[in-house]
Amino acid sequence: MVAAAAAGGLDPMDARRIAEEAGGDLDDQVTDLGRSRFDAMVERRRAGEPLQYVLGSWGFRSLDLLVDRRVLIPRPETEWVVEVALGLLPDDGEVVVLDLGTGSGAIGLSIAAERWPRARVVLTDTSPDAVAVARANLAGIGRAGTTVEIHEGSWWDAVPASHRGSLDLVVSNPPYVAPSDPLPPEVADWEPGAALIPGPTGLEAFVEILGAAAGWLRPGGWIVCEIGETQGVDVVALAIAGGLVDVEVRPDLTGRDRMVVARRADQPDGAHAVRA
Ligand code: GLN
């Protein structure tokens, strides 16, 4: 079955993953149902649909997340954003964490699962479709989900006012692609445009997020945003303009600038320190 699909032009690893998903069995002893599921998935993959959507789920850190065309596919670089964000949290005590524009829920649900039960996590998304996927994934993480709340709405509009000034950590992988940026067809043709492109410059979501973050963080609280690798200077400037301090661009594991980290000053009049 796998060999036949691979002979038909499919990447052998993709064919193997599809076979596992279709029948849980890699030899040719499959049921008719397994066979027809396999054929349907192979057909979708051949038509160019990303493997993650064809399979319907994808691994992200410790989680197996439902993913479909309503949300961005969780990416390895975002796993590293979560790693950095977790490292900013104090070792003990309860924290409140916000994932702005959560999509599938990958970032916030990972933090809830990995810090359970000592992280209360708020997830938001402006897309009702994304909220539906995040809710399904919340249901899938079991008891770690008891510390999670999800709200629909645009950026800070979605966050309950009771969290103002009290967040320990905000994490976001917002849309940051400019319409002029080249995207591979597998991304441009299949993933939700609103999760990729925020407006004409690619910086519009950072303007919203970093413009108001200082009012939502507790004194000393951190914000971590995933960025495009050429956006460091612009996003640092937005963070400073938003009154944040200790603003820093961080590289990913391959040395590319892929996130900006900043915090609210401990003192309201704290000095601005920039390390970029
Ligand atoms: N890294 C994604 C891509 O370029 C973009 C993700 C985003 O805009 N948040 O494919």
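Arg 218 counts as partly exposed, at 26% relative accessibility (buried means under 20% relative accessible area, exposed over 50%, and partly exposed in between, with a 1.4 Å probe and protein chains only). The side chain of Arg 218 meets that of Asp 168 in a salt bridge, at 2.5 Å from N to O. The model is predicted, so local features need pLDDT of at least 70 and side-chain atom pairs count only at pLDDT 80 or more, while totals for chains, interfaces and linings use all residues. Residues are numbered from 1 along each chain as its sequence is written, and side-chain values use heavy atoms, with hydrogens and water left out.

**Salt bridges**

- The structure holds 17 salt bridges, each defined as a side-chain nitrogen of Lys or Arg within 4 Å of a carboxyl oxygen of Asp or Glu.
- Side chains of opposite charge can pair when their charged atoms come close.
- In the pair of Asp 168 and Arg 218, the N to O distance is 2.5 Å. This pair links distant parts of the chain, with Asp 168 in strand β6 and Arg 218 in strand β7, 50 residues apart. Helices (H or I, at least four residues) and strands (E, at least two) are DSSP runs numbered from the N terminus.
- Asp 168 counts as buried because its relative accessibility is 10%.
- Asp 246 and Arg 263 form another salt bridge, with 2.5 Å between the closest N and O atoms. They too link distant parts of the chain, as Asp 246 lies in strand β8 and Arg 263 in strand β9, 17 residues apart.
- Asp 246 is buried at 14% relative accessibility, and Arg 263 is buried at 15%.
- Asp 252 forms a salt bridge with Arg 256, where the closest N and O atoms are 3.5 Å apart. Asp 252 is buried at 10% relative accessibility, whereas Arg 256 is partly exposed at 33%.
- A network of salt bridges links Asp 14, Arg 45 and Glu 186.

**Nonpolar cores**

- The largest nonpolar core has 34 residues, of which Trp 156, Ile 223 and Leu 244 touch the most other members. Such a core is a set of buried Ala, Val, Leu, Ile, Met, Phe, Trp, Tyr and Cys residues joined through side-chain atoms within 4.5 Å.
- At least two residues of this core come from each of β3 (95-100), β6 (167-172), α10 (204-216), β7 (217-226), α11 (232-241), β8 (245-251) and β9 (257-263).
- Helix α10 supplies the largest share of this core, 7 residues.
- A second, separate core of 33 residues includes Leu 63, Leu 89, Ile 111 and Leu 169.

**Strand pairing**

- Strand β1 (residues 57-60) pairs with β2 in the antiparallel sense over 4 bridges; two strands pair if DSSP finds at least two bridges between them.
- Phe 60 has Leu 63 in β2 as its bridge partner.
- The hairpin of β1 and β2 has 2 residues between the strands, and Arg 61 there takes a positive phi near 50°.
- In a regular strand the side chains alternate between the two faces of the sheet.
- In strand β2 (residues 63-66), Leu 63 and Leu 65 form the covered face, while Asp 64 and Leu 66 form the uncovered one.
- Strands β3 and β4 pair in the parallel sense over 6 bridges, and the bridge partner of Val 97 in β4 is Val 121.
- Strand β4 (residues 119-125) is largely enclosed by the rest of the structure, because 6 of its 7 residues are buried.

**Helix packing**

- Helix α2 (residues 12-23) and helix α3 (residues 32-46) pack at an angle of about 145°, with their axes 9 Å apart. Axes are lines fitted to C-alpha atoms, for helices over the stretch in contact, and angles run from 0 to 180 degrees between N-to-C directions.
- Residues Asp 14, Ala 15, Ile 18, Ala 19, Glu 21 and Ala 22 of α2 meet Gly 34, Arg 37, Phe 38, Met 41, Val 42 and Arg 45 of α3, where contact means heavy atoms within 4.5 Å.

**Individual residues**

- Thr 102, in the loop between β3 and α6 (106-114), is buried with a relative accessible area of 8%.
- Not counting residues up to four places away in sequence, Thr 102 touches Gly 108, Leu 123, Thr 124, Asp 125 and Ala 134.
- Glu 83 lies in helix α5 (residues 76-88) and is partly exposed, with a relative accessible area of 37%.
- Between Glu 83 and Arg 45 there are 38 residues in sequence and 31 Å in space, C-alpha to C-alpha.
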